[in-house]
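Reader: Hello! I'd enjoy a close look at one part of this model, namely how its strands pair and what surrounds them. Could you walk me through that part in one connected account?

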Amino acid sequence: MKQIYRKELKYLITEETFLRLKHMLDAVLEQDSYCKNGSYMVRSQYYDSIGDNDLCDNLAGVMEKSKLRVRIYSTEDQTARLEHKCKNGSDGIKYALSLTKEEALLMEQRRYEFLLGREEALAMRLYTKLTGQVYAPKTIVEYERTAYRYPASDVRITFDRNLRGSVNPYGIFEKEPSYVPLLDGETGVFEIKYNDFFPSALNLLLGTLNASREAYSKYSVSRFMYL
């Protein structure tokens, strides 16, 4: 299988700035199919090793780092995604396995043996990582996302607002976990992802984005809130 490394650029911007951009984005790009009412929920349960290696790498600013999470889009979901995201600077690649709700709950209990019965080679790699480095749930992060797609270079542009995190890393399907805000209420994360090149038409569109790139990690900020 061909591995495609994607560029990932992040910016912290205000809701007001995004609304100005949104008028232009709506005219040129299509919204993600998940955006039924303009946005959708994303909830991620992050895992880390017994020594918090992923968190330490992120806080230290090392070039090569990774994150491991279980992700859902509704508390009513009967499926989830187990994602292993690897980054080298601004280049990233994401590996994913589809899970049933029951398998996601087994993950939460650190019962990873079900991965041994999966046919995907990725399942064995993740089982080895999870058990060998004693991975366990560490935090849950939730936010509302507005997402756009552009076909050339598989561009995806997202704005995540109302970011919040939980000190309790369990209960990924709970209706109302106990959260604390991770950003000021007027600020969100604006992210641009693409493959080989960023289309010139969108360069002109985003030339009005008056913001500096940020190395912002939702996982690290959520963990750091409680350390």
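Author: Happy to! In this predicted model, strand 1 and strand 10 run antiparallel and are joined by eight bridges. Within that pairing, Leu-12 has Val-189 of strand 10 as its bridge partner. Strand 10, residues 187–194, is also joined to strand 8, residues 155–166, by five bridges, and these two run antiparallel as well.

Strand 10 is mostly covered, with eight of its eight residues buried. In a regular strand, side chains alternate between the two faces of the sheet. For strand 10, one side carries Thr-187, Val-189, Glu-191 and Lys-193, the other carries Gly-188, Phe-190, Ile-192 and Tyr-194, and both sides are covered.

Strand 3 pairs with strand 7 in the antiparallel sense over nine bridges, and the partner of Tyr-46 in strand 7 is Thr-139. Strand 3 is also joined to strand 4 by five bridges, again antiparallel; in that pairing, Tyr-47 stands opposite Leu-68 of strand 4.

Let's stay with strand 7 (residues 136–150) for a moment, where Tyr-143 lies. Tyr-143 has a relative accessible area of 1%, which is why it counts as buried, the cut-off being under 20%. Beyond residues up to four places away in sequence, Tyr-143 touches Tyr-40, Met-41, Val-42, Arg-71, Asp-160, Arg-161, Asn-162, Leu-163, Arg-164 and Lys-218. As for Glu-64, which is 79 residues from Tyr-143 along the chain, the C-alpha atoms of the two are separated by 26 Å.

Now to the nonpolar packing. The largest nonpolar core has 24 residues, and those touching the most other members are Val-70, Leu-82, Leu-99, Met-107, Tyr-112 and Leu-115. Strand 3, strand 4, strand 5, strand 6, helix 3 and helix 4 each supply at least two residues of this core. Helix 4 gives the most, with five residues. Val-70 is worth a visit in your viewer: leaving aside neighbours within four places in sequence, its contacts include Arg-43, Ser-44, Gln-45 and Tyr-47, together with Leu-82, Leu-99 and Met-107.

Finally, strand 1 brings us to a pocket. The second largest pocket holds about 380 Å³ of space. It is lined by 19 residues, and the closest to its centre are Lys-65, Lys-87, Glu-214, Ala-215 and Tyr-216. Strand 1, strand 4 and helix 6 each supply at least two residues of this lining, and strand 1 provides the largest share, three residues. By class, the lining of the second largest pocket has six nonpolar, six polar and seven charged residues.

Technical notes. Residues are numbered from 1 along each chain as its sequence is written. This is a predicted model: local features need pLDDT of at least 70, side-chain atom pairs count only at pLDDT 80 or more; totals for chains, interfaces and linings use all residues. Side-chain values use heavy atoms; hydrogens and water are left out. A nonpolar core is a set of buried Ala, Val, Leu, Ile, Met, Phe, Trp, Tyr and Cys residues joined through side-chain atoms within 4.5 Å. Buried means under 20% relative accessible area, exposed over 50%, partly exposed in between (1.4 Å probe, protein chains only). Helices (H or I, at least four residues) and strands (E, at least two) are DSSP runs, numbered from the N terminus. Contact means heavy atoms within 4.5 Å. On a 1 Å grid over the protein atoms alone, a cavity is a set of points where a 1.4 Å probe fits but cannot get out, and a pocket is an open set with protein on both sides within 12 Å along at least five of seven lines; lining residues have an atom within 4 Å of a point. Grid points are joined across faces, edges and corners, and a volume is the space filled by probe spheres set on the points. Ala, Val, Leu, Ile, Met, Phe, Trp, Tyr, Cys and Pro count as nonpolar, Asp, Glu, Lys and Arg as charged, and the others, Gly among them, as polar. Two strands pair if DSSP finds at least two bridges between them.
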